[in-house]
Amino acid sequence: MILFDPEKCTGCGSCVDICPTDAIELINEKAVINEDECQLCGSCEAACETGAITIESEESEEKGDSGVDLSQYRGVWIIAEQRKGCMAPVVYQLMGKGRELADTLDVPLAVVVIGFDMRDQVESLAGYGADTVYYVNHSDCADFNDELYTDILVDIINKYKPEIVLSGATAIGRSLIPGVATRLETGLTADCTQLEIDPEKNLLLQTRPAYGGHIMATIVCPNHRPQMATVRPNVMKKPQVNPDAPCEIVEIPFDPNVYSIRTKLVEHICEGEGEGALLSDADIVVAGGRALKNSENFELIQTLAGLLGGAVGASRPPVDSEWMPYRYQIGQTGKTVCPKLYIACGISGAVQHLVGMESSEVIVAINKDRSAPIFEVATYGIEGDIYEILPALIKRLKELR
Ligand SMILES: Cc1cc2nc3c(=O)[nH]c(=O)nc-3n(C[C@H](O)[C@H](O)[C@H](O)COP(=O)(O)OP(=O)(O)OC[C@H]3O[C@@H](n4cnc5c(N)ncnc54)[C@H](O)[C@@H]3O)c2cc1C
């Protein structure tokens with residue numbers, strides 16, 4: 001509930017400026033809040049220097065403690081995603097952050113692998129900081145199955161009681177983890193970009209963009225366990241490997257008779273198979289923006305990416321205009337990439353695009369507008385026309401071959 005004290009309101013308007021839903025206006029130099037529009041995001045409370053606005057949490061007022069014995073829960077868990085027996089890169093990226101969170105809380109870090117015949121991959125997780133790997137190894141578990149994986153995870157989380165559970169915000173993670181959180185009757189923050197521990201309360205602070213990226217919301221799960229979050233691939237950095245790190249592998253027995261599987265995997269069809277490097281895993285990404293004007297011109301981007309052994313990406317306008325399929329989109333509502341080299345061709349550098357690529361190691365921007373914001377994040381900037389620069393680059397690379 002939002003509470004407003006007109007006596008304390010000085011009419012400064014800071015709440016009006018910051019409100020992402022335009023729910024506040026100034027009338028006679030006093031803030032007036034439209035409660036139908038207000039989403040209780042808390043921006044105005046934080047911006048109000050006189051304390052005229054306060055937000056009271058209904059949970060703390062009405063429900064109080066959830067009755068869950070929080071002290072029983074200990075440890076940080078990563079749910080490992082695998083496809084055809086290969087670990088998804090996001091697993092290693094999450095382990096770096098998981099180790100950091102576990103060290104801050106002084107608790108163990110564990111990884112859960114559900115699959116079949118993956119012993120080498122399971123052992124490799126030790127070097128990335130896991131104290132324990134829980135491994136469910138059975139032919140029925142070889143391929144992702146929503147229902148089965150949910151049942152297994154709910155059982156082992158209830159048994160071992162970790163306080164934090166993290167997973168990749170991938171297609172599999174997005175399908176699996178909400179069901180697990182619902183069955184465990186706990187909260188879930190999807191698509192986090194930052195995770196840290198509140199030093200006073202030891203709670204997981206889960207930060208993600210909200211209101212179309214206008215604000216960053218930090219969410220906590222104070223009364224239920226585990227605290228669950230998904231993180232987009234390539235937002236966190238993969239840690240250095242330490243091959244000597246000790247790690248215990250615990251095989252969890254799997255009895256197929258205990259679980260009922262109502263669905264059967266008939267065939268895997270990978271979208272974009274045979275189109276070159278996979279965008280989210282590529283070391284080099286060449287991306288085109290609105291300046292490409294049509295799908296035919298994207299051949300320039302495809303040729304350059306092909307010569308560099310990289311993947312093709314796009315900003316949102318080429319996708320909205322149907323020059324490129326959605327799977328190529330990079331940014332807030334597309335994919336997040338973190339390649340060694342990102343070449344942005346005719347992309348202005350809007351914040352919604354930058355969130356999907358700005359952690360790339362080296363960014364090269366080609367743009368004819370010297371004041372384009374992309375140059376602010378670029379390692380190297382080329383001021384010029386892509387229709388001159390790209391053909392010249394392609395010609396030179398072909399000569400070098
Ligand atoms: C909720 C929300 C979510 C969004 N999600 C995304 C997202 O996921 N990804 C995303 O990319 N955008 C997203 N957007 C859109 C974003 O705000 C921008 O509109 C978009 O990124 C702009 O794309 P662009 O840079 O290709 O086009 P523009 O901003 O139009 O920039 C084109 C650039 O090309 C340059 N140029 C033109 N001709 C040439 C030439 N011949 N040679 C060299 N340079 C040239 C221009 O100088 C300009 O800088 C989102 C927006 C909203 C509101």
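How many helices and strands does the protein have? The protein has 12 helices and 21 strands, where helices (H or I, at least four residues) and strands (E, at least two) are DSSP runs numbered from the N terminus. The model is a predicted one, in which local features need pLDDT of at least 70 and side-chain atom pairs count only at pLDDT 80 or more, while totals for chains, interfaces and linings use all residues. Residues are numbered from 1 along each chain as its sequence is written.

As for overall dimensions, the C-alpha trace spans about 70 × 70 × 40 Å along its principal axes. Of the 401 residues, 36% are buried, that is, with 20 or more other C-beta atoms, placed from the backbone, within 10 Å of their own. Among contacts (C-beta atoms, placed from the backbone, within 7 Å) between residues at least 6 apart in sequence, 64% join residues at least 24 apart.

The protein is divided into domain 1 (2–60), domain 2 (70–251) and domain 3 (279–396), with bounds from an automatic or database domain assignment. The centres of domain 2 and domain 3, taken over C-alpha atoms, are separated by 31 Å. To their contact, domain 2 brings 7 residues and domain 3 brings 9 residues.

Ile 27 has Lys 30 in β3 as its bridge partner. The hairpin leaves 2 residues between β2 and β3, and Asn 28 in the turn has a positive phi of about 50°.

Technical notes: Pairing = 2+ DSSP bridges. Contact = placed C-beta atoms within 7 Å. Buried ≥ 20, exposed ≤ 12 C-beta atoms within 10 Å, placed from the backbone.
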